[in-house]
Amino acid sequence: MTKKLGILFSSLLLISSVTFAQTDKPKLVVGLMVDQMRWDYLYRFADRYSDNGFKRLLREGFSCENTLIDYVPTYTAIGHSSVYTGSVPAIHGIAANDWIEQQTGVAMYCTEDDSVEGVGSSEKEGKQSPRNLLTSTITDQLKLASNFQSKVIGIAIKDRGGILPAGHFADAAYWFEAKSGDWISSTFYMESLPKWVVDFNKKKLADKYLKQDWNTLYPIETYTSSISDDNVYEGKWAGEETPTLPRKTSLLMKDAGYELIKTTPQGNTLTFDLAKEAIKNEHLGNNETNNTDFLCVSLSATDYVGHRYSLSAVEMEDIYLRLDLELAEFFNYLDETVGKGNYTFFLTADHGASYNSRYFMDQGGNGGYFYARQILTNLNDSLKNEFGQEKLVRSLMNYQVHLDYTKIEAANLDEAAIKKSIIKQLRHEDGVAFVVDMEGGENMLVPQQLREKIINGYNRKRSGAIQIITEPQWYSGTPRSTGTTHGTWSPYDSHIPLVFMGWGITPGKTNKTTHITDIAPTLAALLHITEPNGSIGTPIVEVLTP
């Protein structure tokens, strides 16, 4: 009898140890970036959200309510890179969506790579890779930790939204090509598209969705969180008399082509469709090696809709009400295919967005426009009079002054004197709060929190020599600028949502300050792997505490 009990006890110990080993890590991590999602969107339309979308995420997950971006400028490529590297432009090198290589003066797109070819496309849009990203990502670290047995896939309509999160060792990254309406990749990842992607493209879902037109999900008179649909703050498509819903995308697509789907809720639908196909066909979360897989999804349509229609638009309310339902459906899909409790999900954003400045001022608020094009002309005219050379400033892109070092060196000009002259002029421009010579020691004249953001965002090889900080509610544009934009330090651009849910996560919330750079090290701690090699963030202990 004692011998039998001993055998039974040993068997139970073995079963327990095997069970523990199998559940000591999630089968799948899903990172969902919602492009341009402000933190307050978790709550702004909450009275109309379903029980199983955003509300389930907040009910079952852990929400970091005060997650801030700790650099400027606040753009898409930087945000995606910083979430997955735990780092900032000064280190990971993604200084903007586009920048100027300071040594050569050559313009560079964040994922541009002429050494690769498109897969599924012969267009320039296919010549993309993560080579410009100088540090590893949490997804890279997962590949290394699993001896490359974990699968990592990135998916987004925007190339940068799929490529940068997936990292350097990804099995695949897919992005949308507007000319063909297909999902494509590059030879950095593969020589040909998998059959399941080819078959998915053959469905021509972009056609199907655009032909359905864009009608509001509910009666338009119930959209009380938005201003009147016909207003001067929204942009129109060619062929539209007014920027109003319902939008006849079936007709507009004749001129706009598949580019149109990026600026509709169906752009998110199409992305979720591909994500579900990836889970199914790549067996994500059902890895035979018992290693964790990682799916990086970025929803780009929310950003395109915001840029065209603004924060106050019916279109914005509608896309988030639809996203709520699609989140609920996606969670159900994960529950059914991977198993509830077997996956870790997190939602965050790359940046927020400003109210349209004209709208803000029409309501009585302070605000205005930084007239970058005219200011650039004025600067160069003044510098020509002072130093005898034309166009010494290449650009004011990314709220930075980019100098033409070739001309400065060829004419043997005093760079310090040029910068001093530029700073003096810029300080007299309306809406300019601070002008900082990045290597001139004037950072002490800026409030500490802003100073840290400026330093974190400065990459000597890819950023301008002078940083411009505008006053709140001032941004680059003109009074004719419709929709919204982003890029500044202000909370509307830098306060983002961050919610974890699923395996290893205990429901709750914190209002303690956390940062975009804390996400990757938190995931590293959760997965028991090394954080990315350029990470400067700190694990969010509350997320990890049972």
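# A guided reading of the predicted model

His402 is placed in strand β13 (residues 400–403); here helices (H or I, at least four residues) and strands (E, at least two) are DSSP runs, numbered from the N terminus. The structure is a predicted model, in which local features need pLDDT of at least 70 and side-chain atom pairs count only at pLDDT 80 or more, while totals for chains, interfaces and linings use all residues. Residues are numbered from 1 along each chain as its sequence is written, and side-chain values use heavy atoms, with hydrogens and water left out.

With a relative accessible area of 0%, His402 is buried; the term buried means under 20% relative accessible area, exposed means over 50%, and partly exposed lies in between (1.4 Å probe, protein chains only). A polar atom of the His402 side chain lies 3.2 Å from the backbone oxygen of Met397. This is a polar contact, that is, a pair of N or O atoms within 3.5 Å; within protein, one must be able to donate a hydrogen and the other to accept it, and residues adjacent in sequence count only if both atoms are side-chain atoms. Neighbours within four places in sequence being left aside, the residues in contact with His402 include Ile100, Gln102, Leu392, Arg394, Met397 and Arg462, where contact means heavy atoms within 4.5 Å.

A polar atom of its side chain is 2.8 Å from the backbone oxygen of Gly267. Beyond its neighbours within four places in sequence, Thr271 is in contact with Ile155, Ile157, Trp183, Val297, Ser298 and Leu299.

Attention now turns to strand β2. This strand (residues 62–68) is largely enclosed by the rest of the structure, because five of its seven residues are buried. Strand β2 pairs with strand β19 (residues 508–515) in the parallel sense, over six bridges; two strands pair if DSSP finds at least two bridges between them. Within that pairing, Asn66 has Thr513 of β19 as its bridge partner. Strand β2 is also joined by two bridges to strand β18 (residues 498–502), and these two run antiparallel; the partner of Ser63 in β18 is Val499. Strand β17 (residues 495–496) likewise runs antiparallel to β2 and is joined to it by two bridges, with Ile496 of β17 as the bridge partner of Thr67.

The loop between β2 and α4 (76–85) contains Pro73. The peptide bond from Val72 to Pro73 is cis, with omega near 0°. Another cis peptide bond, with omega about 0°, joins Leu245 and Pro246, and Pro246 lies in the loop between α9 (205–210) and α10 (249–256).

Two further loop residues have positive phi values. Asn290, in the loop between α11 and β9 (293–299), has a phi near 65°, a positive value in a residue other than glycine; Asn290 is partly exposed, with a relative accessible area of 37%. His528 is not a glycine either, yet its phi is positive at about 60°. His528 lies in the loop between α20 (519–527) and α21 (541–544) and is exposed, with a relative accessible area of 58%.

The pockets remain to be described. On a 1 Å grid over the protein atoms alone, a cavity is a set of points where a 1.4 Å probe fits but cannot get out, whereas a pocket is an open set with protein on both sides within 12 Å along at least five of seven lines; lining residues have an atom within 4 Å of a point. The largest pocket holds about 420 Å³ of space, a volume being the space filled by probe spheres set on the points, with grid points joined across faces, edges and corners. Of the 21 residues lining the largest pocket, Tyr75, Tyr399, Ser476, Gly477 and Thr485 are the closest to its centre. Helix α15 gives the most to this lining, with three residues.

The second largest pocket has a volume of about 300 Å³. Its lining comprises 13 residues, and Leu68, Ile69, Gln449, Lys453 and His515 lie nearest its centre. The elements giving two or more residues to this lining are α18 (448–457), α19 (491–494) and β19, and α18 gives the most, with four residues.
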